[in-house]
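Okay, thanks everyone, let me get this one up on the screen. I'll walk through a few spots, and you can follow along.

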Amino acid sequence: MDAGRQLIYAVIPVLHAYAAASREIDALSGAKGLLAAIHRRLKEDVAHLLPPNFLELYDRPRLAHIERYLRAVGLRARRALVDPEKDRTKSQGPQVYAERLQRLLATLGPPSSPQKRQALEELVWMIEEYKVSIFAQELKTAGPMSPKRLDEKIAEIERMT
């Protein structure tokens with residue numbers, strides 16, 4: 001009973017952040033051009049952060065970070081509505097790392113080590129922290145985050161089997 005209550009208390013803020021981010025993203029719906037592309041990207045980001053089976057994927061400590069990431073997406077959507085060109089410019093850095101992540105994920109196979117899988121998961125969350133540092137600095141990152149740290153993590157992963 002107590003564990004269930006704790007889980008509910010951890011999930012409720014995530015669901016509130018999801019609803020708030022969705023409202024902000026929906027304000028971009030029906031837009032054309034750059035805003036339409038931003039709308040599509042933010043919808044994808046939210047879907048990746050909170051898939052239908054998120055309770056199976058994330059432990060309770062991760063849920064607090066997911067809430068912050070969702071809040072960052074909401075702030076980004078609100079700011080993009082005001083200045084979509086600034087959002088486009090800011091998004092170039094995280095997009096480069098997301099593409100590099102996709103290339104690294106494509107190298108995973110049955111012979112890949114558990115350490116490589118763990119390092120890739122760490123990279124996923126590092127990229128989310130990087131997005132927070134760029135789009136919602138007031139929410140603070142969980143730790144220091146920079147392109148240099150991301151590059152080091154990617155180099156580490158590339159050396160793994």
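**Around Leu49 and beyond**

So, Leu49: skipping its neighbours within four places in sequence, Leu49 is in contact (heavy atoms within 4.5 Å) with Tyr58, Ile66, Tyr69, Leu70, Val73, Trp125 and Glu128. Quick word on where this comes from: it's a predicted model, local features need pLDDT of at least 70, side-chain atom pairs count only at pLDDT 80 or more, and totals for chains, interfaces and linings use all residues. Residues are numbered from 1 along each chain as its sequence is written, and side-chain values use heavy atoms, with hydrogens and water left out.

Now the core. A nonpolar core here is a set of buried Ala, Val, Leu, Ile, Met, Phe, Trp, Tyr and Cys residues joined through side-chain atoms within 4.5 Å. Buried is under 20% relative accessible area, exposed is over 50%, and partly exposed is in between, with a 1.4 Å probe and protein chains only. The largest core has 27 residues, and Leu49 is among those with the most contacts inside it, along with Val14, Leu42, Phe54, Leu63, Ile66 and Leu70. H4 gives the largest share, nine residues. Apart from that core there's another, of 15 residues, including Leu120, Met126, Ile127 and Ile134.

Next, how do H1 and H2 pack? H1 (residues 2–26) and H2 (residues 34–49) sit at an angle of about 165°, axes 10 Å apart. The axes are lines fitted to C-alpha atoms over the stretch in contact, with angles from 0 to 180 degrees between N-to-C directions. So H1 is roughly antiparallel to H2, a label for angles over 145 degrees. On the H1 side the contact is made by Tyr18, Ile25 and Asp26, and on the H2 side by His39, Leu42, Lys43 and Val46.

Staying on H2, Ala37 is in that helix too. Buried or partly exposed? Ala37 is partly exposed, at 31% relative accessible area. Ala37 and Arg88 are 51 residues apart in sequence, and 9.4 Å apart in space, C-alpha to C-alpha.

Last one: Lys153, in helix H7 (residues 147–159). Lys153 counts as buried because its relative accessibility is 10%. Again leaving aside neighbours within four places in sequence, Lys153 is in contact with Ala119, Glu122, Leu123 and Met126.

Note on methods. Helix = DSSP H or I, 4+ residues; strand = E, 2+ residues; numbered from the N terminus. Parallel < 35°, antiparallel > 145°, perpendicular 65-115°, else oblique.
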